[in-house]
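Dear colleague,

Please find below the structure that I am handing over to you. My findings follow directly after it.

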Amino acid sequence: MKIWTRIKSLSIRQFFKLSLLFFKHPLLLVPSIKATKQTFVLCNTYYPGGHSKSNKGNAFRHAVWNALLCSYSLKRTKNKQKSVFWAQKVTNLYEKVTNNNELDELMDLQNNAVGRLYFFNFIDKDQVELIDFIFEKSKVAEKIVSAKDIKLYPANMVYIVP
């Protein structure tokens, strides 16, 4: 999925909400765009053609996007908690403005949180190690069929369809 295709599909209200967030934090716009672009490059490398559904590739995409948002924004914020908060704010808003069904949204929110957790665990390590770790974890993501299943795996990536 292309970034601009997704942005163009937003309603005026959704686009306004997203724009307002970056208007309030203009110095985080470039790191966020960079993290988003890098995420799609990585997804197309690790899961070519298979990260737009509710599968392991999608779990990887959300986790790595959050980890990279944290990593790239850390260069501006100089504070781990602020960069994690920023990633959470951006990705939570993204989930609000997209029209996913409830289980898909919960799955995405879980994988976002896991990506931020992995960032914390790898903060002093090379970014390549972090990405490789997330990829390996995505291979063993847990399959869920209901919202209550997510609670069983608080520190694991989850997916819905194989």
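In what follows, a residue is called buried when its relative accessible area is under 20%, exposed when over 50%, and partly exposed in between. Please bear in mind that the model is predicted.

I begin with charge pairing. Side chains of opposite charge can pair when their charged atoms come close. One salt bridge is present in this structure. Its partners are Lys139 and Glu136, with 3.2 Å from N to O. Both residues belong to helix H7, which covers residues 127–139. They are three residues apart there, about one turn of the helix. Lys139 has a relative accessible area of 38% and is therefore partly exposed. Glu136, at 44% relative accessibility, likewise counts as partly exposed.

Two further lysines deserve a note. Lys78 is located in the loop that runs between helix H4 (56–77) and H5. The phi angle of Lys78 is near 60 degrees, which is a positive value in a residue other than glycine. With a relative accessible area of 68%, Lys78 is exposed.

Lys82 is part of helix H5, which spans residues 80–97. Because its relative accessible area is 53%, Lys82 is classed as exposed. Between the C-alpha atoms of Lys82 and Lys143 there is a separation of 31 Å, and the two residues are 61 residues apart along the chain.

Yours sincerely

Methods: Residues numbered from 1 in each chain as written. Predicted model: local features only at pLDDT ≥ 70, side-chain atom pairs only at ≥ 80, totals over all residues. Heavy atoms only, no water. Salt bridge = Lys/Arg side-chain N within 4 Å of Asp/Glu carboxyl O. Helix = DSSP H or I, 4+ residues; strand = E, 2+ residues; numbered from the N terminus. Buried < 20%, exposed > 50% of the residue type's maximum accessible area, 1.4 Å probe, protein only.
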